[in-house]
Amino acid sequence: MPQRKKRTGRCPKCGLHLELCVCDQFVRVRSSASLVVVRNIRERFKPTNTARWLVDMVEGTMMTEYGQREPPFDPTPLQQPDVRPLVLFPREDATVLDPAGLASLRAALEPGQRLGFVLLDGTWHQCSRMSRRVPVVRDLPCVALPPGPPSRWGVRTQHDERGVCSFEAALRLIALVDGAERARPLRTIFYEIAARMMFMKGRLREPVVPPQWHDDPLP
């Protein structure tokens, strides 16, 4: 009887099998906007969760978790005095972050104030509920990304054609706010992780970024 192949361990940081780890390729990017992730507690230990990489790669990103009994939800990161916070989720009342929408938001800033974006991290259903139920978040104006290429995070099923993972949403947001060149390093490492994770799941034949992905436009 053939010996069963021993399963390899995962890197706790990037979530990939140890021989596919890309942590040494992580980048550091600065955005002019403030980013806060509100993560559903059920995402904390999932190796396919992408929001945790934002804390490592986008300077100043803060994270707070929702859904646990103790400790209670901490809204402090959403209450920075120099930030005008907005929730990034495509609700029906959302302002689209096209050039006109972004210009309008910037024109409404007070002197010394900057834009801040709250990224909801969880399944589509969880994020929809969080946008309406999380304290402070539920009272904030909502914004949405303009239409873009389909998600490359083929590791998890998207139940809405507008759905992208948290890391993709953030890099597209940074491309809109700070320019495509600022976001490009984030997309490069994201594609590396996505390709290797999809290889692990048997959805790609090799752990290499497919050539067609390089044609995806950035906002």
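The side chain of threonine 61 reaches the backbone oxygen of valine 58 at 2.9 Å, a polar contact in the sense of a pair of N or O atoms within 3.5 Å, where within protein one must be able to donate a hydrogen and the other to accept it, and residues adjacent in sequence count only if both atoms are side-chain atoms. The model is predicted, with local features requiring pLDDT of at least 70 and side-chain atom pairs pLDDT 80 or more, while totals for chains, interfaces and linings use all residues. Residues are numbered from 1 along each chain as its sequence is written, and side-chain values use heavy atoms, without hydrogens and water.

Threonine 61 lies in the loop between helix H1 (51-57) and strand E2 (62-66); helices (H or I, at least four residues) and strands (E, at least two) are DSSP runs numbered from the N terminus. Threonine 61 counts as buried because its relative accessibility is 9%, the limit being under 20% relative accessible area with a 1.4 Å probe, protein chains only. Beyond four places in sequence, threonine 61 touches Leu35, Val37, Leu54 and Val55 (contact: heavy atoms within 4.5 Å).

Helix H5 covers residues 180-200, and its end C-alpha atoms are 29 Å apart. Glycine 202, with a positive phi near 80°, follows H5.

Technical notes:
The expected span of a helix is 1.5 Å times one less than its number of residues. Buried means under 20% relative accessible area, exposed over 50%, partly exposed in between (1.4 Å probe, protein chains only).
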